[in-house]
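Biologist: I would like to learn how to read a protein model, feature by feature. Could you walk me through this one?

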Amino acid sequence: VQLQASGGGLVQAGGSLRLSCAASGNIFSILRMGWYRQVPGNQRELVATISGGGMINSADFVKGRFTISRDNAKNTVFLQMNSLKAEDTAVYYCNALIVESRYEKAREYWGKGTQVTVSS
């Protein structure tokens, strides 16, 4: 299983970016997909996750600014980030909880990370 993220980059404060992450490989079902972020020297923190049924768990700092969505048919999760702030600068990691076959337990996978830089 691989997670391929895209959409990071440099944007001015107040601007927008859209991250995408597609899961590929031997996939029976995806229980949850989402995004975490990490600043050097800090722990990785939750941004938002979404279950296959659409249940969302998100950090307080994204409320009203970021929207997570998912295309189950394409095994893809999106993060629309609006009103970006300098403190949103981080490496954003895609995360997924995936079952590879009906005989196996779910495993957690991470993408390589995509840099988001917000200039003030």
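Biologist: Which hand does the link of Cys-21 and Cys-94 have?

Modeller: A disulfide is a covalent bond between the sulfur atoms of two cysteines. The link of Cys-21 and Cys-94 is left-handed, with -85 degrees about the S-S bond. Cys-21 sits in strand E3 (residues 17-24) and Cys-94 in strand E9 (residues 90-99), so this pair links distant parts of the chain, 73 residues apart. Strands here are DSSP runs of E with at least two residues, helices are runs of H or I with at least four, and both are numbered from the N terminus. Before we go on, please keep in mind that this is a predicted model, where local features need pLDDT of at least 70 and side-chain atom pairs count only at pLDDT 80 or more, while totals for chains, interfaces and linings use all residues. Residues are numbered from 1 along each chain as its sequence is written, and side-chain values use heavy atoms, with hydrogens and water left out.

Biologist: How many disulfides does a search of the whole structure find?

Modeller: The search finds one disulfide, where the term stands for a pair of cysteine sulfur atoms within 2.5 Å. In the link of Cys-21 to Cys-94, the S to S distance is 2.0 Å.

Biologist: Are Cys-21 and Cys-94 buried or exposed?

Modeller: Buried means under 20% relative accessible area, exposed means over 50%, and partly exposed is in between, with a 1.4 Å probe and protein chains only. Cys-21 counts as buried because its relative accessibility is 0%. Cys-94 is buried too, with a relative accessible area of 1%.

Biologist: What does Val-77 touch, leaving aside its neighbours within four places in sequence?

Modeller: Contact means heavy atoms within 4.5 Å. Val-77 is in contact with several residues, including Cys-21, Cys-94, Trp-35 and Ile-50. Val-77 itself lies in strand E8 and is buried at 0% relative accessibility.

Biologist: Next, the rings. How many aromatic pairs are there?

Modeller: A pair of aromatic rings is described by the distance of the centres and the angle of the planes. Rings of Phe, Tyr and Trp (its six-membered ring) pair if their centres lie within 6.5 Å; planes under 30 degrees apart count as stacked, over 60 as edge-to-face and the rest as tilted. The count comes to one aromatic pair. Tyr-36 and Trp-110 form it, edge-to-face, at 5.1 Å centre to centre and 70 degrees between the planes. Tyr-36 is in strand E4 (residues 29-38) and Trp-110 in strand E10 (residues 107-110), so the pair ties together parts that are 74 residues apart in sequence. Tyr-36 counts as buried at 19% relative accessibility, whereas Trp-110 is partly exposed at 35%.

Biologist: Which ring does the charged end of Arg-44 sit over?

Modeller: A charge sits over a ring if NZ of Lys or CZ of Arg is within 6 Å of the ring centre and within 35 degrees of the ring normal. The charged end of Arg-44 sits over the ring of Trp-110, 4.6 Å from its centre. Likewise, the charged end of Arg-37 is over the ring of Phe-61, 3.8 Å from the centre.

Biologist: What is there to notice about the phi of Asn-75?

Modeller: Most residues other than glycine have a negative phi. Asn-75 has a positive value, near 50 degrees. Asn-75 is in the loop between strand E7 (66-71) and strand E8 (76-81), and is partly exposed at 24% relative accessible area. Ser-83 also has a positive phi, of about 50 degrees, although it is not a glycine. Its place is in the loop between E8 and E9, and Ser-83 is partly exposed, with a relative accessible area of 40%.

Biologist: Which residues does Gly-14 touch, not counting those up to four places away in sequence?

Modeller: Gly-14 touches Ser-83 and Leu-84. The place of Gly-14 is in the loop between strand E2 (9-12) and E3, and it is exposed at 53% relative accessible area.

Biologist: Finally, how many helices and strands does the chain have?

Modeller: The chain has zero helices and 11 strands. Buried residues make up 39% of its 120 residues.
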